[in-house]
Amino acid sequence: MSRISVQTAESQKTGTFDLWLLGAALVLAGLGLVMVFSSSGVMAERLNGNRYYFFHRQGIFALVSLTLMTICAWMPRKVLHGPVYLWLFAIIGLLVLTMVPPFSVKAGGARRWMHLGPISLQPMELAKVVLVMYLAYFFSQKQKLVRSFSVGFLPPVVVTGFLGLILLLQPDFGGAVFLGMLFFLMSLVGGTRLTYLAVSMVFGVGAMGLLIASSPYRFKRWFAFLDPFKDPQNVGYQLVQSFYAFGSGGVTGAGFGAGKQKLFYLPEAHNDFIMAVLGEELGFIGVSIVFVCIGILLWRAFRVALAQDDLRDRFTAYGMGLVLGLGFLLNLAVVLGCVPPKGVAMPFLSYGGSNLLSCFLCVGILLNLSRSART
């Protein structure tokens, strides 16, 4: 056993968790639980006759996710990395099952969820983590050949492209774009030739443009963010209501529970647009607290990545930070009207078990890696 591996194993036994990382994640999850309670009560009472329905479910999701995070944080590194190809085939199988009617759940014209007994799962959220684990393994093992096309570039392109194709068939356009961004940013630090990445980006943007242009409704929806007030009762409606929520929040907000946009004005108030409700009720101060927690979490995540001696650990930590960072960035960009509206959950805050599970899975892996980080 090499000297570095001995030191790493020893530091993993005696190292401590990154408490800043853990604290930021817990504050965000706690705030998310509170905001789900505030934003979903009216809708839950109308749909289920119980205003606490979504809140209770989110609480259960949080307990399960915290348990998984704890397991991952203490898991031996050998088990953590584990059989990456087995996980890859498993997630492909789950994604395929979302298109099989007996197992899948159709909502909003798409089949992105599946039933596992009493549990509803969105495999896309877990696919982000599995793709990172695969790419971290690939780039750490193929460093000598990573600049070649057939060995260092083609395999991760095929894997990411196949996952993206399944998502497009659901259809989940935003999910496919998310995986494409993960692949690009992981390849960028993995050593892939910039020429290959530039060409793949051109093809990706071209394919995205064709998909948007082929659907008139998708075309209108994707460009509605440029001027949502041009059609405020149709494709621009959700974004306009989000603006109203943020605009009425002021510095201190209307007060917890006093927001009006969640009263059936703002669609997906407890899901993708929960930040708009938070901005209305807690104002600039509440949004600033979220931003500070996001900054701390990402700072510590990338610090853990830079502090790793093992290349695979470094890529893994970097990728987990990307999963969280891209989620934060894309959700905030959507609710603030900076990019076209697309279903991207706000990590830790939005209602939903699959997203919360994947977020705490990322945090658990980062905490595990932080135990062996150089101090």
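I begin with arginine 77, which forms a salt bridge with aspartate 313, the closest N and O atoms being 2.9 Å apart. A salt bridge here is a side-chain nitrogen of Lys or Arg within 4 Å of a carboxyl oxygen of Asp or Glu. Arginine 77 lies in helix H4 (residues 77-81) and aspartate 313 in helix H13 (residues 311-335), so the pair ties together parts that are 236 residues apart in sequence. Helices are DSSP runs of H or I with at least four residues, numbered from the N terminus. Arginine 77 and aspartate 313 are buried, that is, under 20% relative accessible area with a 1.4 Å probe, protein chains only.

A word on the basis: this is a predicted model, in which local features need pLDDT of at least 70 and side-chain atom pairs count only at pLDDT 80 or more, while totals for chains, interfaces and linings use all residues. Residues are numbered from 1 along each chain as its sequence is written, and side-chain values use heavy atoms, without hydrogens and water.

Next, aspartate 18 forms a salt bridge with arginine 300, with 2.9 Å between the closest N and O atoms. Aspartate 18 sits in the loop between helix H1 (3-14) and helix H2 (19-48), and arginine 300 in helix H12 (residues 274-306), so this pair joins parts that are 282 residues apart in sequence. Both aspartate 18 and arginine 300 are buried.

Finally, the C-alpha atoms of the chain fill a box of roughly 60 × 50 × 40 Å along the principal axes. Of its 375 residues, 49% count as buried.

Key:
Buried means under 20% relative accessible area, exposed over 50%, partly exposed in between (1.4 Å probe, protein chains only). Helices (H or I, at least four residues) and strands (E, at least two) are DSSP runs, numbered from the N terminus.
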